[in-house]
Amino acid sequence: MGRRLGVMGGTFDPIHYGHLVTAEEALEQFELEGVLFVPTGRPWMKEHEVVSPPEDRYLMTVIATASNPLFSVSRIEVDRDGPTYTVETLRSLKNELDADLFFVTGADAILEMLQWKEPEELFELAHFIAATRPGYDIAGFEVPAHARDAVSVMNIPALAISSTDIRSRVQAGGPIRYLVPEGVKSYIEKAGLYR
Ligand code: NAP
């Protein structure tokens with residue numbers, strides 16, 4: 001068996017325990033050697049939304065993953081100019097690392113990606129792991145017929161935690177302890193994010 005590496009893509013605004021549990025579960029279920037977290041640079045589909053600066057999201061991801069020797073963080077998308085396309089990221093990582101890649105992210109994002117951007121090349125570059133929240137109707141998760149073998153669905157109860165909810169809580173002065181690692185909570189306060 002060759003090297004098997006997870007690539008965890010996300011905006012991580014902020015990273016939370018749901019993301020960390022997802023990565024850990026993928027590591028176990030897919031017998032991965034490690035998981036590389038890749039915070040997005042400029043998510044082109046979110047141009048109408050306010051997204052925190054890439055450097056803040058990158059640093060929070062480093063803080064959250066620092067204690068796990070099997071987790072690491074890449075600057076590949078943060079440092080790349082222009083909009084973020086997963087196909088370009090996977091192409092570079094595939095060239096750089098001699099490994100089978102397993103791209104992990106939220107189910108909605110995976111469906112979008114398969115439907116919009118050069119899906120044929122995406123399938124050659126990686127296997128896709130779609131993480132879903134409890135209550136998400138997996139029957140309604142319509143993987144296009146040509147992508148069935150390329151996508152696995154993973155149900156993660158801890159994904160009831162969401163970045164959107166955390167941002168709203170901070171804005172409203174509500175608690176986020178135990179939803180994000182303590183270091184991420186401190187970083188949010190120090191940088192004045194989501195006010
Ligand atoms: P999103 O639309 O903000 O998120 C969709 C859902 O997935 C949300 O519920 C989100 O929850 C969850 N999610 C996001 N990342 C996750 C992760 N790593 N593990 C578990 N759940 C996750 O998605 P996004 O963050 O913008 O994009 C996710 C990834 O897909 C990124 O790597 C992005 O570059 C890629 N993408 C690529 C294309 C393309 O190349 N055309 C298009 C779309 C997305 P939270 O808000 O709590 O994270």
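Q: Which residue forms a salt bridge with Arg 3, and how far apart are the closest N and O atoms?

A: This is a predicted model. In it, Arg 3 pairs with Glu 33, and the closest N and O atoms are 2.9 Å apart. The pair links distant parts of the chain. Arg 3 sits in the segment before S1, Glu 33 in the loop between H1 and S2, 30 residues apart.

Q: Is Arg 3 buried, partly exposed or exposed?

A: Arg 3 has a relative accessible area of 37%, so it is partly exposed. Glu 33 has 41%, so it is partly exposed too.

Q: How many salt bridges does the structure hold?

A: Eight. One of them joins Arg 75 to Glu 55, with the closest N and O atoms 2.9 Å apart. Arg 75 lies in the loop between S3 and helix H3, and Glu 55 in helix H2, 20 residues apart. Relative accessible area is 28% for Arg 75, which makes it partly exposed. Glu 55, at 35%, counts as partly exposed. Glu 182 and Arg 177 also meet in a salt bridge, at 3.1 Å from N to O. Shared partners join Glu 55, Arg 75 and Asp 79 into one network.

Q: How do I read a helix, and which residues of H6 are buried?

A: General idea: an α-helix has 3.6 residues a turn, so residues three or four places apart point the same way. Now the case. In H6, residues 163–171, the buried ones are Ser 163, Ile 166 and Val 170. Their arc around the axis is only 60°, so they lie on the same side of H6. Their cover includes helix H1 and helix H7. Just after H6, Gly 173 takes a positive phi of about 75°.

Q: What span should the twelve residues of helix H2 have?

A: At 1.5 Å a residue, H2 (residues 54–65) should span 16 Å. The buried residues of H2 are Asp 56, Arg 57, Tyr 58, Met 60, Thr 61, Ala 64 and Thr 65. Their cover includes H1, strand S2, strand S3 and H7.

Q: How do I read a strand, and in which sense do S1 and S4 pair?

A: General idea: in a regular strand the side chains alternate between the two faces of the sheet. Here, S1 (residues 4–10) and S4 pair in the parallel sense over five bridges. Met 8 has Val 104 of S4 as its bridge partner. S4 also pairs with S5 (residues 126–132), again parallel, over six bridges. There, Phe 102 stands opposite His 127. S4 itself, residues 100–106, is mostly covered, with five of its seven residues buried.

Q: Why is His 127 classed as buried?

A: The cut-off for buried is under 20% relative accessible area. His 127 has 18%, so it is buried. It is found in strand S5. Beyond its neighbours within four places in sequence, His 127 is in contact with residues including Phe 30, Leu 101, Asp 149 and Val 151. A polar atom of the His 127 side chain lies 3.4 Å from the backbone oxygen of Ala 150.

Q: Where is Ile 161?

A: Ile 161 is in the loop between strand S6 and H6. Its relative accessible area is 16%, so it is buried. Leaving aside neighbours within four places in sequence, its contacts include Tyr 17, Arg 133, Ile 166 and Leu 179. The C-alpha atoms of Ile 161 and His 19 are separated by 8.8 Å, although the two are 142 residues apart along the chain.

Notes. Residues are numbered from 1 along each chain as its sequence is written. This is a predicted model: local features need pLDDT of at least 70, side-chain atom pairs count only at pLDDT 80 or more; totals for chains, interfaces and linings use all residues. Side-chain values use heavy atoms; hydrogens and water are left out. Buried means under 20% relative accessible area, exposed over 50%, partly exposed in between (1.4 Å probe, protein chains only). Helices (H or I, at least four residues) and strands (E, at least two) are DSSP runs, numbered from the N terminus. The arc is that of the directions from the helix axis to the C-beta atoms. Contact means heavy atoms within 4.5 Å. Two strands pair if DSSP finds at least two bridges between them. The expected span of a helix is 1.5 Å times one less than its number of residues. A polar contact is a pair of N or O atoms within 3.5 Å; within protein, one must be able to donate a hydrogen and the other to accept it, and residues adjacent in sequence count only if both atoms are side-chain atoms. A salt bridge is a side-chain nitrogen of Lys or Arg within 4 Å of a carboxyl oxygen of Asp or Glu.
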